[in-house]
Amino acid sequence: MATPSCLFKLESRPGQLLIDHLENTAQLCSEIRNKKINFKDTNTDILGDVAWLIGFTHDLGKATIFFQEYLKEKDEDKKRSLRNKKKTHHGLLSSLFTYRIVKDFVHSKNLSAHQIYGYLPIISYLIVKRHHGNPLNLKDEIIDIEPANNPEVFKIIKEQLESIDADEFNRILKKCPNTVLSLEEFKSHVDILITDNICKAEKKQWRKYCKNSSLNIYFLFQFFYSALLAADKNDAAGLNIPNSHILLSSDMVDKYTEKKFTNKENDNLINPIRKEIYETVCNSASSINCKDRILSINVPTGTGKTTTGFSFALKLREKILAEKKFAPKIIYCLPFLSIIEQNFDVFENIFIVNGKKPDNRTMLKHHHLAEISYRLHGNEEEFPTNISRLLIETWESEIVVTTFMQLFHTLISNKNRMLKKFNAITNAIVILDEIQTVPYKYWHLIRKLFTGFAEIFNTRFVFMTATQPVIFRNSEIRELVPRDKKKEYLSFFDRIKFHNRSDEKLDVPAFIQIVKKDIEKYPEDDFLIVLNTINSSIEVFNALKKFMEQKENEGVKLYYLSTNIIPKHRLDRIEGKEGIKQKKCRKIIVSTQLVEAGVDIDVDRVYRDFAPFDSLNQVAGRCNRNFSKQHKKGDVTVFSLTNRKKYYQYVYGGNDLSIIKTKEILKDVAKMTEKQFLELGNDYFKRLADDMANNISINLLKQLEKLNFANLDEFKLIEADYPACDLFIEIDVEASAVWQRYISIFNEADLLKRKDLMDRIKADLYKYIISVPATGSYCGGAGKKSEIVYINKDQIKSVYDKDTGFIRKDPIQHVF
């Protein structure tokens with residue numbers, strides 16, 4: 001309820017009273033009381049009270065005459081000038097009020113020496129100071145406010161305090177039930193607050209903490225920070241998100257799979273095993289207890305992990321709702337954008353088979369190219385772009401389909417935009433599909449972070465893969481498919497023969513001759529050829545194209561896939577009417593690592609340039625995937641191609657531990673069965689875990705524990721191979737229309753409007769964009785008329801090939 005305007009005049013933003021915004025934000029922050037959390041020796045009500053105080057005090061600095069004048073200014077140039085003045089800024093002053101009020105509250109409860117509560121004042125200070133930016137290192141924030149380092153700070157703070165209307169401000173403070181503070185009293189002690197309390201006492205206490213730090217304080221900071229960010233932005237947007245959950249039927253996947261398994265077109269030898277794995281995993285949901293927080297679904301490729309994991313999560317959600325009286329979100333995470341779209345479509349079809357297409361309260365997808373559109377009520381009501389963006393970025397949905405990037409950079413980050421959704425992960429069921437794609441240098445970090453997070457925030461993490469990395473100890477993870485069952489399934493799977501020819505010295509022309517001979521030798525077979533670099537893949541494709549034209553092979557379709565072609569063409573070649581999954585003809589596919597995980601294709605023969613074992617295993621999963629050709633096995637052959645050096649060295653490096661361990665386990669192995677091949681995976685991951693260095697993980701953990709947020713840039717889930725620039729390829733009329741819209745938006749003067757409009761076209765725009773090495777003459781044009789290099793229709797012939805994409809001319813472009 002809004003406060004009578006006769007008592008209050010100060011505004012938070014045009015049209016909203018400051019007191020209303022503070023009370024609304026405080027109330028939203030205090031809803032963390034509803035979370036089921038397990039911080040050691042803490043009380044949820046006390047944490048809820050502190051969250052309320054953070055929310056109520058976070059914008060008190062807006063009461064200054066300087067900020068109020070800025071709000072009222074109509075002239076945009078003058079407004080911009082006022083915004084840049086330090087006296088207009090409200091973060092630091094607000095954080096000092098927060099620190100004092102939270103400190104008084106903790107002291108009143110006799111909790112100042114508590115191992116958790118004792119750090120709440122300084123944590124709250126940093127949260128509020130940086131709620132409009134990114135958190136920095138806590139130690140540096142203390143040093144920054146010291147008079148010797150920042151002599152101007154006292155002068156600015158005192159000017160700000162003197163400018164505040166004391167009567168109205170004290171009326172605001174009286175609305176805070178846990179303080180008797182007045183503006184006058186605060187003004188008289190602000191010097192001591194800064195010099196003695198923060199710069200001396202807190203600095204000393206923090207040094208002591210850093211000698212025996214833990215992740216608990218990091219988790220607590222992010223818990224409060226996320227609560228404030230979401231509450232502040234939700235109130236500013238006028239959102240009133242219902243706390244009630246949407247009922248999701250736990251048997252909806254059962255009905256979907258029953259229909260799928262009874263379809264004769266899908267009948268093959270592997271379906272009985274898929275069904276058994278599905279039932280084994282889903283039945284295990286009823287026996288999950290409060291200690292089972294790290295879970296694993298580790299079964300061979302092609303056995304239906306996607307639907308199995310989703311159904312398990314729905315059944316576990318129903319069990320938790322019945323027993324604990326809350327319904328966890330289901331967060332389904334994947335490493336690649338291509339399989340996000342694929343899996344989201346599967347989940348959407350599950351709802352449709354059950355009678356209703358889900359709106360975004362029920363399910364949404366979130367990645368950097370996802371459409372910024374949030375719809376309700378059967379998808380009929382759509383929110384404006386800025387509201388849609390907020391709802392999507394805070395994961396306001398029962399089911400979220402997203403990327404590893406979004407998940408990991410929320411758990412390990414100082415980015416304000418990412419951290420809004422930290423609390424959405426608490427009390428959730430998080431599925432990580434294809435976990436083996438996470439770099440092994442982060443395994444130790446993942447183990448510590450996920451076990452700690454799961455215990456404190458009652459979150460279940462479900463790891464799904466055909467090749468389970470050794471991240472957790474056996475005592476820390478529960479296998480949902482018992483080991484004796486896995487051995488039974490391994491004995492059943494005899495879909496492929498594995499051939500190791502990596503000891504042979506082969507250049508690309510010699511390799512091409514081998515492939516040509518086999519294409520002729522096995523005229524009925526589909527081929528998948530996976531190379532390590534774009535250059536080698538183009539060379540192989542062009543040679544095979546010429547070969548096929550000479551042979552006049554009718555009924556054979558040759559495909560090329562890599563990030564060298566625009567996303568629109570990639571999708572068409574996989575899913576389109578003439579695509580790999582639809583075309584009923586013989587297929588020969590030349591690709592890079594793009595097809596390794598999640599792209600649901602099935603071929604008879606796979607040829608793979610040397611790579612780490614987990615990559616070999618993933619691409620082997622595209623061979624005789626559905627066991628549909630029962631009369632013969634598929635063939636997977638590994639080579640090791642060379643030019644000036646081994647091609648795998650361009651991608652993985654010459655001394656990468658995963659390459660070294662792969663060479664070790666394949667040494668003296670010429671052939672093996674699928675069972676032997678899969679068993680070898682356990683040996684590979686064990687060797688990797690035994691010999692890898694944990695120094696990067698250990699350092700990152702120390703940065704997290706000490707709240708050194710500015711040092712978290714070392715965590716990079718995806719490493720850039722080389723400096724790159726984006727090219728827009730004007731390949732068709734739709735591309736031309738999108739580009740014209742982009743240029744119009746790029747020239748929009750209103751930055752907020754530009755952002756909203758850009759979000760609207762982003763998904764369409766990036767269908768025509770490829771990222772290429774920033775060494776060519778084309779990349780010199782970036783930043784002039786737009787942020788993206790524009791390749792128009794007249795330039796295309798010299799820049800973009802319709803089959804293989806970007807034409808690489810410079811030496812570095814030729815290598816990659």
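User: Which residues touch the most other members of the largest nonpolar core?
Analyst: This is a predicted model. Its largest nonpolar core has 162 residues. Helix α11 (residues 215-236) gives the most to this core, with 13 residues. The members with the most contacts to other members are Leu 96, Phe 219, Phe 224, Leu 432 and Phe 450.

User: Which residues does Leu 432 touch, leaving out those up to four places away in sequence?
Analyst: Leu 432 is one of the core members that touch the most others. Setting aside residues up to four places away in sequence, its contacts are Cys 333, Phe 404, Leu 407, Phe 408, Phe 450, Phe 461, Val 462, Phe 463 and Met 464.

User: How many residues are in the second, separate core?
Analyst: Ile 514, Phe 547, Ile 761 and Phe 806 are included in this core. Its size is 53 residues.

User: What is the bridge partner of His 366 in β8?
Analyst: β5 and β8 (residues 399-403) pair in the parallel sense over 4 bridges. The partner of His 366 in β8 is Thr 402.

User: How far apart are the end C-alpha atoms of helix α5?
Analyst: Helix α5 covers residues 91-108, which is 18 residues.

User: How many of the 18 residues of α5 are buried?
Analyst: Buried means under 20% relative accessible area. Helix α5 is largely enclosed by the rest of the structure, because the number of its residues that are buried is 13.

User: What kind of aromatic pair do Phe 97 and Phe 186 form?
Analyst: Phe 97 lies in helix α5 and Phe 186 in helix α10 (residues 183-210), 89 residues apart. Both are buried. The ring centres are 4.0 Å apart, with 25 degrees between the planes. Planes under 30 degrees apart count as stacked, and this pair is stacked.

User: Which kind of pair do the rings of Tyr 440 and Trp 443 form?
Analyst: Trp 443 is buried, at 2% relative accessible area. The ring centres of Tyr 440 and Trp 443 are 6.5 Å apart. Their planes stand at 80 degrees, so the pair is edge-to-face.

User: Is Asn 427 buried or exposed?
Analyst: Asn 427 is in the loop between α19 (422-425) and β9. Asn 427 is not a glycine, yet has a positive phi of about 65 degrees. Its relative accessible area is 6%, so Asn 427 is buried.

User: Is Asp 668 buried or exposed?
Analyst: Asp 668 is in the loop between α27 (657-666) and β18 (671-673). Asp 668 also is not a glycine and has a positive phi of about 65 degrees. The relative accessibility is 72%, so Asp 668 counts as exposed.

Technical notes: Residues are numbered from 1 along each chain as its sequence is written. This is a predicted model: local features need pLDDT of at least 70, side-chain atom pairs count only at pLDDT 80 or more; totals for chains, interfaces and linings use all residues. Side-chain values use heavy atoms; hydrogens and water are left out. Helices (H or I, at least four residues) and strands (E, at least two) are DSSP runs, numbered from the N terminus. The expected span of a helix is 1.5 Å times one less than its number of residues. Buried means under 20% relative accessible area, exposed over 50%, partly exposed in between (1.4 Å probe, protein chains only). Two strands pair if DSSP finds at least two bridges between them. A nonpolar core is a set of buried Ala, Val, Leu, Ile, Met, Phe, Trp, Tyr and Cys residues joined through side-chain atoms within 4.5 Å. Contact means heavy atoms within 4.5 Å. Rings of Phe, Tyr and Trp (its six-membered ring) pair if their centres lie within 6.5 Å; planes under 30 degrees apart count as stacked, over 60 as edge-to-face and the rest as tilted.
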